[in-house]
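Here's a quick tour for anyone meeting this chain for the first time. Have a look at the fold, and then we'll walk through how the pieces sit together.

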Amino acid sequence: VLPTVALVGRPNVGKSTLFNRIAEERISIVEDTPGVTRDRIYTHAEWLGKQFNLIDTGGITLEEHDLNQEIRSQAEIAIEEADVIVLVVDARVGVTAADEVVAQILFSAHKPIVVAVNKADNLEQRQDIYEFYALGLGDPYPVSGVHGTGMGDLLDQVIQSF
Ligand code: GDP
Ligand code: MG
């Protein structure tokens, strides 16, 4: 049985973009409108010869109408299904209340968590990630799903956590 990695985070932070990037196939639909993606949510992926399943919890459609409740439910699914959870946040927006809610749920699950600070597209944004230490989940990893930068360091940390 392969280990499972789950991407968690509020809408529009770039989970589907990172999912595609890690899968190296364009199989998840990326849309500019938050919360309207209809995504492929499972794929098989590999890094440095280590294989794993990848889940994009943002693509799981739930009956919830409250955004916070939906993100909570997605985090709970990730906790149940994943061996390692990647919390995706947005470098441009910074830490939001919703990020803090998810971080707290994940923290109490006692599973390995890696914080991916997406949309860190340039040097300045890559260096300006310290506020994400406040999530209490360890070192934040700056990445750009669009440009593909930072993916190696992120995935090194993910596979080390299996
Ligand atoms: P999701 O809702 O978390 O799945 O987010 P998406 O992957 O659908 O991306 C939401 C928006 O953010 C889209 O317009 C993406 O093109 C954009 N986006 C994703 N990753 C990056 C990134 O690394 N840099 C920038 N500048 N935009 C990104
Ligand atoms: Mg998505």
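Predicted model: local features only at pLDDT ≥ 70, side-chain atom pairs only at ≥ 80, totals over all residues.

A residue counts as buried if 20 or more other C-beta atoms lie within 10 Å of its own, with C-beta atoms placed from the backbone.

How does the overall size look? A compact globule of 162 residues would have a radius of gyration near 15 Å, and the chain's 14 Å agrees with that. Along the principal axes, the C-alpha atoms fill a box of roughly 40 × 35 × 30 Å. If you take the contacts between residues at least 6 apart in sequence, 65% of them join residues at least 24 apart.

Now for the parts list. The chain has five helices and six strands, and reading along the sequence gives you the pattern β-α-β-β-α-β-α-β-α-β-α. The six strands make an open sheet in the order S2-S3-S1-S4-S5-S6, with mixed pairing. At the edges you'll find S2 and strand S6 (140-142), each of which pairs on one side only. From one strand to the next, the twist averages 30°.

| Strands | Sense | Bridges | Residues opposite each other |
|---|---|---|---|
| S2 and S3 | antiparallel | six bridges | Glu-46 and Gln-51 |

What about the helices? H2 lies across S1, S3 and S4, and runs at about 170° to S1. H5 lies across S1, S2, S3, S4, S5 and S6, running at about 165° to S5.

Finally, the inside. The largest nonpolar core has 40 residues, and Val-8, Ile-85, Val-86, Leu-87, Val-115 and Ala-116 are those with the most contacts inside it. Elements giving two or more residues to this core include strand S1 (4-8), strand S4 (84-90), strand S5 (113-118) and helix H5 (151-160). S4 supplies the largest share, six residues.

Which residues does Val-115 touch, leaving out those up to four places away in sequence? Its partners are Leu-87, Val-89, Phe-132, Leu-135, Leu-137, Gly-138, Pro-140 and Tyr-141.

Note on methods
Residues numbered from 1 in each chain as written. Chains lettered and ligands numbered in written order. Core = buried A, V, L, I, M, F, W, Y, C linked by C-beta atoms within 7 Å. Buried ≥ 20, exposed ≤ 12 C-beta atoms within 10 Å, placed from the backbone. Helix = DSSP H or I, 4+ residues; strand = E, 2+ residues; numbered from the N terminus. Contact = placed C-beta atoms within 7 Å. Rg over C-alpha atoms; globule rule 2.2 N^0.38 Å. Pairing = 2+ DSSP bridges. Axes fitted to C-alpha atoms, helices over the stretch in contact; angles between N-to-C directions.
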